[in-house]
Amino acid sequence: MASITLNINNANHKIDVDPQMPLLWAIRDFVGLKGTKYGCGIAQCGACTVLLDGNPIRSCSFPVSGATGKKISTIEGLSENIDHPVQQAWIELQVPQCGYCQSGQILAATALLKKTPQPTDDQIDAAMQGNLCRCGTYPRIKSAIHRAAEILKTQKA
């Protein structure tokens, strides 16, 4: 056990855990943020995606010790009122079906749009390929990413 301080959604959380424990369990079981989901447990589906210093990572296979001193963003930290452009686009285009993978999808899309504000379909496919959706909402996800890009462009104008 080790005392570890995590900065999650701009708040510090001091927890006593095994440093090799996956970050996902620290977020869900020790900090109590349940928006990040457990999917496959082997970093293949992306349901557990969080942002670490703005980059998407698979929290189910990332050791909690690797997150110290870095900024972790979960779906709960994206906005207080579900008004982030990606969330707005997701709602507007009714992207989720079962919704289980959507927090990971939204965070991966957010990271993509931060680095590539006007992505092409190929860039979206490349960035989102590690996030699986068992319901097959991929066409709506792609449309929502384009819509979020429009919203972001309008906000910057």
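Biologist: What does the side chain of Arg 58 reach at 3.1 Å?

Modeller: The side chain of Arg 58 reaches the backbone oxygen of Gly 130 at 3.1 Å. This is a predicted model, in which local features need pLDDT of at least 70 and side-chain atom pairs count only at pLDDT 80 or more, while totals for chains, interfaces and linings use all residues. Residues are numbered from 1 along each chain as its sequence is written, and side-chain values use heavy atoms, with hydrogens and water left out.

Biologist: What makes the link between the side chains of Arg 58 and Thr 49 a polar contact?

Modeller: A polar contact is a pair of N or O atoms within 3.5 Å; within protein, one must be able to donate a hydrogen and the other to accept it, and residues adjacent in sequence count only if both atoms are side-chain atoms. The two side chains are joined at 2.9 Å, so the distance meets that limit.

Biologist: Why are β3 and β5 called paired?

Modeller: Two strands (DSSP runs of E, at least two residues) pair if DSSP finds at least two bridges between them. Strands β3 (residues 49–52) and β5 (residues 71–73) have two bridges, in the antiparallel sense, so they qualify. Leu 52 has Ile 72 in β5 as its bridge partner.

Notes: Helix = DSSP H or I, 4+ residues; strand = E, 2+ residues; numbered from the N terminus.
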